[in-house]
Amino acid sequence: MCLAIPAQICELLDDHLQLAVVDILGVRRKVSVQLLQADPPRPGDWVLIHVGFAMSKISGERAAEQLELLRQLGEAGAAQEEAGGYQVAADE
Amino acid sequence: MAQSLMNKTPGGGSTAFHDKQISMAHGAGGEASRRLVEELIRPLLANDWLNPLGDAAVLPAQSGRLAVTTDSFVVQPLRFPGGSIGELAINGTVNDLAVSGAKPIAITASLILEAGLPTEILRQEITAMAAAAGHLGLPVVAGDTKVVEHGKADGLYICTTGLGAIHPRAELRADRVCPGDRVLLSGPIGNHGMAIMLARAELDIEADIRSDTRPLAAMTEALLETCGAGVKWMRDATRGGAATVLNELARDARMTVVIDEEAVPLDDAVRGACELLGLDPLQVANEGQFVAVVREEVAAQALETLRNTPGGERACLLGEVRKGSLSRVLARASYGGVRVVDMLIGDPLPRIC
Amino acid sequence: MKYVDEFRDPALLRKALAEIRSLVEPGRTHRLMEVCGGHTHAIFRFGLKELLPPEIELIHGPGCPVCVLPMGRIDDGLELANDPECIFTAFGDMMRVPGSQGSPLESKARGADVRIVYSPLDALRIAQQNPERRVVFFAIGFETTAPSTALTLLRARELGVMNFSVFSNHVTVIPAIRAILDSPDMRLDGFIGPGHVSTVIGCRPYEFIARDYRCPIVVSGFEPADILQSIVMILRQLRAGESKVENQYGRVVPWAGNLPALKALAEVFEVRPHFEWRGLGFISQSALRIRESFAAWDAEKVMPIRGVCVADPKAAQCGEVLKGVLKPHECKLFGVECTPERPIGALMVSSEGACAAHFKYGQTRLPIVTT
């Protein structure tokens with residue numbers, strides 16, 4: 001379930017209605033930031049949006065940590081694979 | 001046109017059309033119909049074949065093979081970022097001829113008008129048709145108008161027939177496609193469908209996405225000039241997107257088509273809108289892109305030809321054709337992942353799950 | 001696209017796959033269930049199944065809120081749509097789902113005013129713009145989506161928009177997972193946990209899975225690197241003989257969940273004693289209904305809803321596929337009578353239904369060959 005995508009806050013709109021404009025590769029939409037009222041986002045912040053609501057802020061640090069963990073995976077195995085290369089086999 | 005009013009000066013010069021909107025009378029075949037054709041339509045489309053307003057246009061004899069295509073244009077809204085129904089009607093018909101290897105030589109237009117349609121809108125669309133056709137030196141040689149009751153026809157439907165002269169070196173047939181042939185795409189996909197979706201739906205999304213409606217004739221002709229029979233098959237990607245066209249190729253050629261996921265050209269805003277709505281850009285409609293299948297040996301030359309033709313700067317090598325009994329389209333990613341690219345079922349619908 | 005493309009980096013995916021290959025026990029099958037339909041979709045979309053070693057078997061769970069909706073609920077919703085005064089609004093996902101009398105799109109073709117909305121707030125706006133009509137929002141989704149409905153109802157009450165009502169078909173994920181775990185025909189080694197539901201409920205609700213059923217569960221993101229990393233984490237737990245809840249999707253999922261979302265849910269919704277899940281039968285405490293205090297906006301209170309009960313076509317095996325007992329292509333109707341074009345069950349309509357995903361993206365049967 002739940003198609004939710006990262007978007008960047010470009011403008012905060014309305015204090016009472018708690019709306020903001022987000023940008024995804026130049027596409028803009030108004031979303032509600034009511035769910036983030038405990039730690040309201042600011043322009044430039046990245047949030048996860050779903051059905052017109054910002055669900056969560058995206059942490060750049062956690063993302064970077066994760067990517068670093070991924071980079072450290074399979075060191076031995078990966079070297080072997082990369083030397084070999086991949087090829088999609090013929091379809092029957 | 002139904003009327004044959006040979007005593008009128010060809011090309012019009014009669015008084016301008018003053019009716020503010022279209023009514024049933026304009027389709028009844030009498031005086032109002034005559035005024036609509038002579039005072040509004042003919043002056044905007046004027047050419048030697050249309051002007052006599054005979055029951056048929058008489059064209060000079062053609063040598064060589066002829067291509068004929070017919071098409072209908074039904075779009076809401078009538079005007080959208082990047083174009084309008086009139087432009088679509090001309091370009092869409094031209095493109096069907098172009099991918100058949102034909103240079104367009106004549107086009108007809110049949111208009112179904114909704115009673116109540118403001119004249120200004122009709123005038124704008126005929127003007128758009130005239131501009132799109134005039135750009136190519138293409139005459140609208142015959143036409144028809146009908147009016148239906150208010151509530152039908154969404155304002156305006158346009159039906160066309162296009163006639164083209166097939167390039168002497170064109171041999172375009174699915175049965176010529178063989179394993180190893182390369183698949184080319186003329187440029188970025190998804191622009192038209194997303195422009196329409198955003199202009200129409202209550203999705204409340206703002207994006208600078210414009211329809212890619214344009215004639216493809218220059219590119220297809222350039223391809224045939226340089227590669228001749230090395231071009232095996234072409235088709236323009238319209239409703240259903242590139243995915244539908246690639247699946248038609250796979251099915252008609254009885255081969256498997258493999259494309260590179262990362263090779264698909266996509267404007268940022270189209271990608272953003274598709275990600276937001278959960279759509280696959282390969283399934284979103286286009287009005288100015290085509291797929292060509294060429295022999296492996298001429299692929300590099302074909303690509304260069306397209307890139308050197310105005311409008312073809314973002315043409316790309318999409319993938320290749322392989323032997324395969326399942327006649328389907330596969331997309332491979334550089335990490336090795338492979339997925340099936342399916343044909344569209346109905347219109348693309350936004351999803352939240 | 002930031003926070004997306006980095007997690008599709010081919011180099012990282014190759015590393016993760018290499019790590020997975022080094023972690024599996026040769027000859028042993030590790031049965032992992034991805035609960036969430038979004039993960040099912042992603043697995044097929046990125047061709048991950050064929051890249052994983054044969055020791056990994058992915059079982060598709062029931063986390064597709066469209067797929068688990070009994071046909072009767074759709075019929076009820078469409079009866080509302082047939083009222084000329086009514087504007088029926090729903091997410092695009094619902095539009096082609098077949099009830100016993102057809103789908104919302106088919107009702108639209110017969111003249112019903114059926115509209116797609118991206119957000120429940122859009123449905124509320126339609127109600128404000130059409131005061132003389134009654135706007136019904138057919139609400140679906142798990143805990144990811146329910147808070148949006150809750151906030152919309154709070155806004156409707158605040159603005160006094162009385163011609164707006166919600167037909168709530170929200171379901172909750174924990175009872176479904178428990179039903180799977182308690183099912184005698186299931187044997188699972190680990191869970192790829194729902195990522196976006198967890199942005200709302202956090203990770204604590206899953207603790208019973210690790211503690212009482214000794215099953216590792218890793219809350220996972222949706223990009224291919226996320227899913228593969230989650231599988232690595234599950235395999236490491238299995239190797240170490242551990243079972244715990246881990247959060248792979250830390251860049252987005254807070255361990256404690258989203259407090260404003262949970263508060264809104266508690267204020268607007270209450271748990272139904274039981275709710276019928278297509279294919280899983282009645283599950284206690286597994287769905288949300290609108291509280292009495294919001295009765296004026298509850299379609300089940302203000303509109304005539306019959307509450308029809310429609311049995312699935314006998315030959316359809318949606319239930320077994322939903323539970324992960326059968327693979328989609330093992331259902332007798334798969335690909336023949338039941339296709340995305342002519343779906344019989346919701347699993348074939350929903351883009352994240354196991355059957356649709358398998359039909360559209362799967363069956364690639366392309367071994368990756370190292371040269």
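Colleague: Which strand of chain A do two bridges join to β8(B)?

Modeller: This is a predicted model: local features need pLDDT of at least 70, side-chain atom pairs count only at pLDDT 80 or more, and totals for chains, interfaces and linings use all residues. Residues are numbered from 1 along each chain as its sequence is written, with chains lettered from A and ligands numbered from 1 in the order in which they are written. Strands are DSSP runs of E, at least two residues, and helices are runs of H or I, at least four, numbered from the N terminus. Two strands pair if DSSP finds at least two bridges between them; here the two run antiparallel, and the partner of β8(B) is β3 (residues 27–32) of chain A.

Colleague: What is the bridge partner of Arg28(A) in β8(B)?

Modeller: Look along β8 (205–206) of chain B, which gives two or more residues to the side that touches chain A. The bridge partner of Arg28(A) there is Glu206(B).

Colleague: Which element gives the largest share of the side of chain B that touches chain A?

Modeller: Contact means C-beta atoms, placed from the backbone, within 7 Å. It takes 27 residues from chain B and 18 residues from chain A. The largest share on the chain B side is seven residues, and they come from α7(B).

Colleague: How many residues of chain C are in contact with chain A?

Modeller: Start on the chain A side, which supplies 40 residues. Its largest share, six residues, comes from α1(A). Across from chain A, the number of chain C residues is 50.

Definitions and conventions. Contact = placed C-beta atoms within 7 Å.
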